[in-house]
Amino acid sequence: MLFPRLETSWKSEYRMEGETKMKKRRESRGSKLHNENQGRRRGGVCGGGDIEDFFSEEAINIRACLLEWYDNNQRDLPWRTKATINDNDDRRAYAVWVSEVMLQQTRVAAVVDYYNRWMHKWPSLHHLAQASLEEVNDMWAGLGYYRRARFLLEGAKMIVEQRGRFPRTVSNLKKVPGIGDYTAGAIASIAFKEVVPVVDGNVVRVIARLKAISANPKESSTIKTLWKLAAQLVDPCRPGDFNQALMELGATICSPLNPSCSMCPVSGHCNALSISKLHEKVLVTDYPLKVIKAKQRHEFSAVCVVELINGQDNISEGFLLVKRLHKGLLAGMWEFPSVVLNKESEASTRREAIDHLLKKSFKLHPGPACNVVTRENVGEYVHVFSHIRLKMYIELMLIQLKGETNVLCQKHEKKNISWKCVDSKTISSMGLTSGVRKVYSMIEKYKQENSPSLPLPTAARTRKKPTHKKLKST
C-alpha cells in the first residue's frame, strides 16, 4: 500500500465520537429535511443552493470509514492492478484513461475482456497513436457508443504529436478530445494524485443520499452543488483511492433500487437513511430524484444485403459492405448498404429507395453487366440505441455480375464512398456493430432455410483477397 492504514483503536475512538455528534445533528434536522424535501418534490425543482456543506469532522470521518472499507472490499479489476503496479506515470494514466472511457454507459462485466484485449494490442499511448480508425473500431465493436473509441484514438495522436507525455492536471487533460470533467478528474487523481473530485452516476447517488438531496440531479445548479460536495470529501492524501472508493460504494452497496444499507461503511452519515427511519413513507431509494428519460425517437431504414455471384458456376463472390461517414452515429463503421426512410414504408417504396442507391453509387441495376438472380424480403429488426429505436427492413439481393466487381467502379458518386466485397469468413471476423451482426445472422438463417435455391458459400473454394475500393467524385 502507498499509505499505511489508520490504527484500529484510533479509528474506532474517533469514529464513535464523530458519529455521536453527527447522530444528534441528524436527528435534530430529520423532520425539517423531510418537510423541505416533500416541498421540493411537489415543486419539482430545487436549485440546491441551500444544501449544507460537509462539516470538516464529518468529511474526515467519511474518508476514514470509506477508505478502510475500500482497502478490504475493492473488486479485483485489471485497470486497478495496472494503475497500482505501473511505475510509469504515463502508462498508469493511459490505463486509467482507457478503462474510464470504456466504463462510460457500460457495465464492468462487459468491459473487462475488451480492456484486456485493448491493452494487449496497444499497451501504451504511443502504440495506440499508430493505429488506424478501422483497427480501433474493430477492437471496439460490440461495446457501443463508438464515438468513445474515436476520441481515444484522436486524443492519443494529439498527445503524442504535441507533448509526447500525458497531461498531468485536470485543466490540461480537458484539452484532449473526449476528456471532460469526470474523466479528467479520474486520470488526474488516480494517476497523478491531484486532489480533485470525480462525479459520475454512482457518486451522484451516494452524495444525494448522504445529504438527502431531492433536487433534479440533471439540472446544472444541482450538478454544480454535487461537484462542490464531492470536492469537500476527497481525501488529500489518497485522492485516487478515495474517488474509486466512492464510485465503488455506489456500484456495489448504494445501488439504485436495492441498497445494502446495513453493509454501508458510511450509513451513520446518511441523511436519507435517517429520514427513512423517521418517516415510513420515505425510502432511501427516493434519493436522488428519478428523472424521466427523454422519449426515444423512432427511425426507419431499408437494408439490402447484396451478395455477388460468379456468373459461370453460381458460387458466391462475397457481400458488399459500405463504410459510414466519419461523422455522426456509428461513424466510420462498416455496414450493408442501407437507406434512411422518412416513415414506415411499403416494400415497393423501400425497394425503390434501395434501387436508387445501388444504381447511383455502384451501377448495380438490371442490364448487360448485372443480373438480379433473386431478391427476397428477409424480415424486420428493431435495434435500440440510447436515444433511437431504429426499425430495419432487411432484404437479400443476389446479383450476378459480368466482369466481376469491376463494374462497381464504373459509376461515380458526388461524395466519396468506401466499400469492399468480403466473404462470409471475413465478415465473421470483422469488428462489426451488433446491429450489423444481427442483420447478417438473419441472412444466414434465411439462406439455411432456403439453401437449395441459393448459391454455394465462398468457403467452398479458394478466394482472392477481399476487393476494397473507394469511389471518388469526378
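Visitor: Hi! Quick one to start: is Cys65 buried or exposed?

Guide: Hello! Cys65 is buried, with a relative accessible area of 3%. Keep in mind that this is a predicted model.

Visitor: Thanks. And how many disulfides does the structure hold?

Guide: The count is zero. Cys65, for one, is in no disulfide.

Visitor: Where is the nearest cysteine sulfur to Cys65, then?

Guide: That sulfur belongs to Cys264, and it is 9.3 Å away.

Visitor: Okay, switching to the backbone. Which peptide bond is cis?

Guide: Look at the bond from Tyr287 to Pro288: it is cis, with omega near -10 degrees. For context, most peptide bonds are trans.

Visitor: Where does Pro288 sit?

Guide: You'll find Pro288 in the loop that runs between helix 14 (271-278) and strand 1 (297-310).

Visitor: And what is phi for Tyr145?

Guide: Phi is near 50 degrees there, a positive value in a residue other than glycine. Most residues other than glycine have a negative phi.

Visitor: Which loop is Tyr145 in?

Guide: Tyr145 belongs to the loop between helix 7 (133-140) and helix 8 (147-162). Its relative accessibility is 39%, so Tyr145 counts as partly exposed.

Visitor: I was also looking at Ala212. What is its phi?

Guide: Ala212 has a phi near 50 degrees, also a positive value in a residue other than glycine. Ala212 lies in a loop too, the one between helix 11 (201-210) and helix 12 (220-233).

Visitor: Is Ala212 buried or exposed?

Guide: Buried: the relative accessible area of Ala212 is 1%.

Visitor: Last topic, the strands. In which sense do strand 5 and strand 6 pair?

Guide: Strand 5 (residues 370-384) and strand 6 (residues 388-401) are antiparallel, pairing over 13 bridges.

Visitor: Which residue in strand 6 is the bridge partner of Asn377?

Guide: Glu395 is the bridge partner of Asn377.

Definitions and conventions. Residues numbered from 1 in each chain as written. Predicted model: local features only at pLDDT ≥ 70, side-chain atom pairs only at ≥ 80, totals over all residues. Heavy atoms only, no water. Disulfide = S-S within 2.5 Å. Buried < 20%, exposed > 50% of the residue type's maximum accessible area, 1.4 Å probe, protein only. Helix = DSSP H or I, 4+ residues; strand = E, 2+ residues; numbered from the N terminus. Pairing = 2+ DSSP bridges.
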